[in-house]
Amino acid sequence: MLWKNIGLVKGVGFNSWRRVGSILPAVKVYNTRQVDEMIIVDISASRDNNQPDFEMLSEIAHECFVPLTFGGGINSLEHITKSLRLGADKIAVNTAALANPELITKASERFGSQCVVVSIDAIMHEDGDYYCYTHSGSQPTAYKVLEWAKEVEKLGAGEILLTDVELDGSMKGYNQDLIRQVSSAVSIPVIASGGAGNLNDFSTAILESGASAVAAASLFHFTQLTPLEIKRHLASKNIMTRNALVNG
Amino acid sequence: MKVLIIDYGMGNVGSVKRAIEECGVDNVIVSHHDYDFEDCTHAILPGVGAFPDAMATLNERGITDRIKKLAIDDKIPLLGICLGMQLLASKGTEVSFQDGLDLIPGIVQALEPAIGERIPHVGWNEVQFTNRSDEMLNEIRDQSDFYFVHSYHFIPKNEENILAYTPYAGKFVSMIRCGNIIGAQFHPEKSSTAGFQLLKNFLNI
């Protein structure tokens, strides 16, 4: 889930953000719908050079009873310490990691690699390679996605959250080619993100492209599909997801 | 009902407090004070971090004796979560041999991953019950998934103290119980519906 100062938002291609509601009610709803984890990113923080919105994190953590990944504007060990203390289980970094790759190493040494998620926002250039973007997809960098993915694994990242910026919000399907390239280049888990539009997108990302996990937002905001239906679909393809078996 | 969350400066007590409140308890206290130990009805020992640091902090602040009195003399239900479960052991082996709280006989050792497995063990994994009739497992179906983050595990001396196993790094003990003293290697406060049910079961003791 992404939010800006105006509330919970959803864009298309990291642009034309639409407000889709308030963040707290959404967190409460997802709690009851069997999502396995929540990833919440403040997309205005790095873009506007703001500090992470710790007040918002605190409110979200208050209502979130599954593992929570928090990102947006995190650029120091102090930010990470504070995020974890406020109830995040993992943090996501992109802009700060590209500007200062050592942050990944220091963070995984201090807090364990399991809590360091490196977020990669990818756009394909005319040369046919994918490049990393920072500041919510607004600024290109010279880093190629495959090289950076291998680099962050070496630096100590625990997971990669991989988003195709141009497909994000489109519901046209994940960029399976990008997912396949990155998943086969690294051995840490890759979370597919950006573009999921139907049930098959999820199973293909895992079975054919090698993603370890699948993320979605638009699909839940704008269609009737629920996390539980996706999990049932994955189960029908013999993909294990969390199973919460409580009577009644 | 007054639920005490034992605060010794390690780990995110906030998530545990919120989950207990969500179970409908109004009186949840995060504290290390004597008087809170004396009049609580349930106590929770959370924890994230290293065993030696945690025991050193508990000893320095005089909390070790308070926990033992509460659990042994007063027979207050005590739930250790993650590192909190490991601290219930007789001995830890992280860094060097270290005395634990010695409330459930056993030692704590590093997980030994099989080929292809990673340490720390992070994520949702199955909890397989050995004793279905225990009240801690009421209304939770066998093999429910709970959320784990850990590199060490508790090896109880007595098999009758084992409530559940989890199939990872061979197979490790993910829940233990000895009378009023209970340990969970996973995080019920991050385990959604199954986690809430487990916490409710504990509060019903």
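## Helix α1 of chain B and its surroundings

Helices α1(B) and α6(B) pack at an angle of about 75°, with their axes 10 Å apart. Because angles of 65 to 115 degrees count as roughly perpendicular, α1(B) is roughly perpendicular to α6(B). Axes here are lines fitted to C-alpha atoms, for helices over the stretch in contact, and angles run from 0 to 180 degrees between N-to-C directions.

This is a predicted model, in which local features need pLDDT of at least 70, side-chain atom pairs count only at pLDDT 80 or more, and totals for chains, interfaces and linings use all residues. Residues are numbered from 1 along each chain as its sequence is written, while chains are lettered from A in the order in which they are written.

| Helix | Residues in the contact |
|---|---|
| α1(B) | B:Ala19, B:Ile20, B:Glu22 |
| α6(B) | B:Gly195, B:Phe196, B:Leu199 |

In α1(B), the buried residues (20 or more other C-beta atoms within 10 Å of their own) are B:Val13, B:Ser15, B:Val16, B:Lys17, B:Ala19 and B:Ile20. Their packing partners include α2 (54-63) of chain A, as well as β1 (3-6) and α6 of chain B. After α1(B) comes B:Gly24, with a positive phi near 100°.

Between the chains, 24 residues of chain B are in contact with 20 residues of chain A. On the chain B side, α1 (13-22), β8 (121-129), β9 (144-150) and α6 (192-203) each supply at least two residues.

Definitions and conventions: Contact = placed C-beta atoms within 7 Å. Helix = DSSP H or I, 4+ residues; strand = E, 2+ residues; numbered from the N terminus. Buried ≥ 20, exposed ≤ 12 C-beta atoms within 10 Å, placed from the backbone. Parallel < 35°, antiparallel > 145°, perpendicular 65-115°, else oblique.
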